[in-house]
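Please look at the sequence and the structure first, and then work through the numbered points.

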Amino acid sequence: MLRRSAFSYYIVLTVATLGACERRGGCTTAGCGTLIDAAVVEPPTLLPPSTEDIVASDIAEQLFLKLADVGMSTNTVGDEDFQPLLAQRWEWDGPLTLVFHIDPRARWQDGQRVTAADVEFTFNAYNDSAVASPFRPKLQRIEKVTQRDSLTAVFRFREKYPEMFYDAVYHMRILPAHLLRSVPREQWRTAPFGRQPVGDGPYRFVRWQAAQSIELVADTTFFLGRPGIRRLIWRFTPSLPVAVQQVIADQADIREQLVTPDNVERAKAAKQLAIYPFRGNVYTFLSFNQRAPGDTSKPHPLFGDRDVRRALTMAVDRASLVKSTLGDLGQVPPGPISALVGIWAPDIRQLPYDTAQAARLLSLHGWRDHDGDGIRDKDGQPLAFHILVPSSSGLRKQYARLLQEQFRAIGVRAEIDELEGSVVAQRTGSGNYDTAILSRSNDPSPGSGITQSWTLAGFGGSNFGRYYNPEFERIVQRAISAPKRDQARTLWRYALETINADAPGIFLYALANVGAVHKRVENVQFRPDSWAALLRTWRIPPDRLIDRDRVER
Amino acid sequence: MTGGVWLLRRLVASVAIVFAVITFIFILIHLAPGKPCSENLDPRVCTLLTRQFGLDQPIAVQYWRYLVELAHGNLGMSFSLRRPVWDALVETVPFTLQLAGAALVFDFLLGLGLGIYQAARVNRLPDLVLGNATLFIYSLPTFWLAPILLLVFGEKLGWFPVGGASDPIFCPQVDSLYCVADRLWHLVLPATTLGVVGAAGTARFQRAAMLEVASQDYVRTARAKGVPERQIVLRHQLRNALLSFITRFGLAFPFLLTGAVLVETIFAWPGMGRLAFDAILTRDYPVVTASALIASTVVVAGNLLADILLGFADPRLRVHAAADADVVTA
C-alpha cells in the first residue's frame, strides 16, 4: 500500500508539475461536461450516405439532422409517433404526396440556411449508383423529391403503404448541397468532407485524430435548443475488452454495448457506472445454403431438402444454448428478427426442440447409420457439412462448437471452418458455403430487413442462402402494404411462422443490449434503434462535474 | 574506395530486397481469399466498390498500376480508411517509431546493463537470480503479458492509462510540456511490454558474449598487468563483446515491428502495426503493401546500420568486407 502510494505520488507530482501551467479549467455551469465514448470501431467516413458503420451513424446523429425521427416507441407505421427535427411540420397532399416544411431557423454550421434544395439534393445523392449508398434499396418506393419553395420539400411515392413516412425520413440525413454539389459522386466515399463534415445538428465537428478519437462540441446556437453536454469524444479502441476496461477504470464515460454477461457483471461492480438495458437490434442464425456451393443453379445436396433443414433445427436446444452462453443477455428470436422490431412476440410458432422427431425425419428420408460409424449416411454419402464462422467472433465460435455437439447427438457430422471475416463475407456473398453463423442488424421496420435477407429481392444481395418460398413472399408483400397496424402485425406473424416452418436457418439468439454510463450523467435515454439519438438531451448537473467536464480549450 | 563500393553494393541489394518484399506481399495478399468488404455489406454494393477500386482487373494489371503509381510517389487510396495511404502512414508511423524507439532503449539499456552486471558477478547469487529472472521474462508471451499489464496497472491499480496514446481531453495534440509527459505516461505500458522481453534476451546474450571475451588472452594479460577490474570490463571486455550486441541490434528491428502489431492492437496505440493488422483483416491491399514497404525498409536499413556499426566496432570486419569487394570486382 505504501509503495503504491509513493509510486502514485511521484507520477502525479511529476505530471502535475510539468503541466501546472498548461491545464486550464473553469466551466462550472449547466451545459458543461465532456462525455467519452469507448468505441470499438473507427468509422471510415462521416458522410452519411457512404457508410452503414454503426459508430459513423452514432456520430452522424449529432451532426446531420433527419427531417423527422422515430420516437421512443420505434413505431414505424404512420406518422403519429414521429418527432419533428429539420421539418417543423408536414402534411399529406393526396395519398402519394408528402410535404415537409423546413424549420426556417435551421442553419448549416457555416451559416447558410437549410433549404428544400438540400433535401432534393440529398435524395438524389442517396439514389445515385455512383455513391453506392447501402441505403439506396430502402428508398426505392419514393419516386422523386422536389422543392415547392425554398423551405418546402415534396416527396412523391410510387405506391401507398403504411411506412411511407418512415421511408421518407428514417434513412436519409439531409446534406449541405452547397458544400457537396461540386464533389463528383463517385468520389464521395473518399471525399475530404467525410473527415471534416459541416452539419446542421446539435454538435459541430472539431477534430478527427486517426485511430484515436473524434471530438464534437455543442453548437450553442442550435435551433432546437442548446445540447446539455458541451463536448463529446469517441475514443477508438480496437478491442472490446479494453474498451470495457476504459469505462470501468473511469477513463471513459459510455460503453453503449457491453455484449457479454461477464462485461455486464464487471460494469455493475464499478461504483461510478449506471447500467442501462435496452432492446437489441441484432439476431444471429445458422444459415442453410439452399443452393449447391459455388453453383446457384443446382440445389444443395443436403439443404435443398426442407425436411433435412427442419430436422437439424429440431435437433438444437436453442433455449438452453442461449441460457448457457448469454444468460439474461439473450433470447431465442421468434424468427429472423431482433427484439427491436415491433412484431417480436415470443409465442410465434416455431419448430420445437425434439431430437426424437428430428431423428425420425432423417431416417424417413433414408439418412440412417448404415455403416455403424455413428454418422448417418445415404447412398454412401455421410450426413456431413461445414459450418463457416468468422474467427473474430468468440460468441459465434462458441456456438459453432455447441451446434457441432448437438448435431453429433443425432448422427450428423459438422466440421467448423473458422475464417477471417473478409473470407466469410466473400464465401457467403458468392454462395460458396454449406452453413454459416451470421448476424443481421435490423432497423425498426421488419419490411426492409426481411425483404433484403429472406426474399427474392435479396438474391445476389443479403439473402445468402437463397431462401425462396412464393407463399412467404406473398405474405410479406401483404404485410408491408397492410393499411392498419393490427392487420400488418397479424400478417407478419403469419409470415414468420411460414419461414420458421421452412427452416432456412436456425435462429439462434438475439442479443439484448446493455449499456454503461457514468452516474454523473442525468436524463440518460437509450433509444433502442440508436442509443445516441437523444444524446443532446443528456446533461451533467453542475454539482457533479468532474475534472474532464470543466476543461476549456 | 573499396568501402564505398561495399556500401553501394549493400544499398543496391537493400533496394532489391525491399522491392522483392513488396512484390511478394502484393501477390500474396491479392491471392489470399477474402474481399475488402465487411460481412454485412450487401454483395451488390461490394461488387460496385470492387469495380470502383479496380480490383476486378487481373492481378498483373493491378501490379503494374501499383508500380507506376509507386514510381510517382503515390501509395494509393485505402479502401477501408477512405483516404490516401500516405496520409494514414504519415499519421501512424511516428507513433510506431515512438513505441519501437522507447522499447529499443528499454531493451538495450536494461539488457546491456544486466548482461554486464551478471558477467561481472558470474556464478554468484545476483547472477543466478538475474539469470533465472531473465529466463522467466524471456519465456513470457507478449500476447499474455500485454493484457495482464493492462489489467493490473491500468484497470486495477489505475497507475497508467488503459490504452490510447494521449488524453483526448487535455492533450488531443502534443503541444505542451504537460502533453509530452502525458504521452510518456501513455507509453509506459506498451513500451514495457515490447521492451522487457527483449531486454531479458539481450541480457542473456550480453552475459554470454562478455564471458566469452573474458577468457581471451588480452583480458588475462590485462588482468596480469594489474589493470583495474572496472577498466578491464569496460574497455577490454565490453568493447569486444559489443559485436554480438550490435548484431542483435540489427535483428531487433523485425522483432520490434512484428511485436508492435500485437502491442499496438491491445493498447490501442495508433501506430502502423495496428494499421497493418486491420488492413490485413479488411483486405485493404494498398495499406498492406505500403506497410510492408515501410517495414521492410526499416528492417533492411537497421541491418545495414548494424553492419556499418560492426565495421566501426571491429576494424577487422571492414578489412574483410573490402577484400571481399575487391575479389568480386576483379
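1. Helix H2 of chain A, residues 54-63, is mostly covered, with eight of its 10 residues buried. A residue is buried if 20 or more other C-beta atoms, placed from the backbone, lie within 10 Å of its own. Helices are DSSP runs of H or I with at least four residues, strands are runs of E with at least two, and both are numbered from the N terminus. The buried residues of H2(A) are A:Val55, A:Ala56, A:Asp58, A:Ile59, A:Ala60, A:Glu61, A:Gln62 and A:Leu63. They pack against four strands of chain A: S1 (34-39), S8 (203-209), S9 (213-218) and S10 (231-236).

2. The model is predicted: local features need pLDDT of at least 70, side-chain atom pairs count only at pLDDT 80 or more, and totals for chains, interfaces and linings use all residues. Residues are numbered from 1 along each chain as its sequence is written, while chains are lettered from A and ligands numbered from 1 in the order in which they are written. The pLDDT is the predictor's confidence in each residue, from 0 to 100. Chain B averages 86, and 95% of its residues score at least 70. For the complex, the predictor gives an ipTM of 0.79 and a pTM of 0.85.

3. Which elements make up chain B? Chain B has 12 helices and zero strands. Of its 330 residues, 39% count as buried.

4. The contact between the chains takes 53 residues from chain B and 54 residues from chain A; two residues are in contact if their C-beta atoms, placed from the backbone, lie within 7 Å. H2(B) provides the largest share of the side of chain B that touches chain A, seven residues. By class, that side of chain B has 31 nonpolar, 12 polar and 10 charged residues. Here Ala, Val, Leu, Ile, Met, Phe, Trp, Tyr, Cys and Pro count as nonpolar, Asp, Glu, Lys and Arg as charged, and the others, Gly among them, as polar.

5. In chain A, the axes of helix H8 (residues 306-314) and helix H10 (residues 355-364) come within 8 Å and cross at roughly 155°. The axes are lines fitted to C-alpha atoms, for helices over the stretch in contact, and angles run from 0 to 180 degrees between N-to-C directions. H8(A) and H10(A) are therefore roughly antiparallel, a term for angles over 145 degrees. A:Asp307, A:Arg310, A:Ala311 and A:Met314 in H8(A) meet A:Gln357, A:Ala358, A:Leu361 and A:Leu362 in H10(A).

Terms used: Buried ≥ 20, exposed ≤ 12 C-beta atoms within 10 Å, placed from the backbone. Parallel < 35°, antiparallel > 145°, perpendicular 65-115°, else oblique.
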